[in-house]
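Hi everyone, thanks for coming. Let me put the sequence and the model up, and then we can walk through the annotated sites together.

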Amino acid sequence: MIKIAPSILSADFGRLAEEIRKVEEAGADYLHIDVMDGHFVPNISIGPPVVASLRPQSSLVFDVHLMIEAPERYVAAFAEAGADILTVHFEAARHLDRTLRLIREHGMRAGVALNPATPPGMVEYVLPLVDQVLVMTVNPGFGGQKFLPEVVPKIAGLRRMVERQGVGTDLEVDGGIDPETAPAVVRAGANVLVAGSAVYGAADAAAMVQRLRAAGVGK
Ligand SMILES: O=C(CO)[C@H](O)[C@H](O)COP(=O)(O)O
Ligand SMILES: [Fe+2]
């Protein structure tokens, strides 16, 4: 079963509560929340106070994607704010094993994100500590970028690794996912699709969520 995670990066930040209700009613599974610090990535977005304000507005799973340096500093703050899944970048977490354990100790599911240039083997020895690997299919920092097809074999490699180790790790893809690009990532083994501009830019968000989910049918 494919899960759909609309990214609020493409929402109207002046009407966030309403924008979240819209994707919840459209049948989304997760709400993908992009946190950017202006250091790890050039952009700055939102932080724990905004997540805490949104928490009572939605019963969606809050899937928080940290694009920040030294993410271990903010694990407690995002747990308190109400994150369900907390994903840190491999490239930003110096002591990844320790940080993943810390996320789980705070009662959240732990994720690791890989930039397009980062090989899949970087998560091999921590996979039992990882609930979700987030495979970036654009360079992180901005919504609305073009999907990088070169990354697709990495998804397949991670799916084989998950099967070999017999763990239940989800494989999430993020960046440029739309009805044209979704079938290839699902065929390669992705089971969680982040979509920002595709969902928020659609005239009918519910129809778009259904189209993306259908990428998994008959794969
Ligand atoms: O992490 C991200 C950017 O760094 C976003 O989640 C991603 O870009 C989603 O937006 P879109 O679907 O428009 O590409
Ligand atoms: Fe993201």
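A word on the annotations before we start: UniProt positions are in the numbering used here, feature names are shortened, and an annotation may be inferred rather than shown by experiment. This is a predicted model, where local features need pLDDT of at least 70, side-chain atom pairs count only at pLDDT 80 or more, and totals for chains, interfaces and linings use all residues. Residues are numbered from 1 along each chain as its sequence is written, and chains are lettered from A and ligands numbered from 1 in the order in which they are written.

So, which residues does UniProt list for "active site"? The unreviewed entry gives Asp34 and Asp174. They are spread over 141 residues of sequence yet cluster in space, with a largest C-alpha distance of 10.6 Å.

Asp34 sits in strand 2, residues 30-36 (strands are DSSP runs of E, at least two residues, and helices are runs of H or I, at least four, numbered from the N terminus). Asp34 is buried because 24 other C-beta atoms lie within 10 Å; the cut-offs are 20 or more for buried, 12 or fewer for exposed, and partly exposed in between, with C-beta atoms placed from the backbone.

Asp174 belongs to strand 7, residues 170-174, and counts as buried with 25 C-beta neighbours inside 10 Å.

The "binding site" annotation, also from the unreviewed entry, includes Asp174, Phe142 and Ser197. Phe142 is in the loop between strand 6 and helix 5, and its 15 C-beta neighbours inside 10 Å make Phe142 partly exposed.
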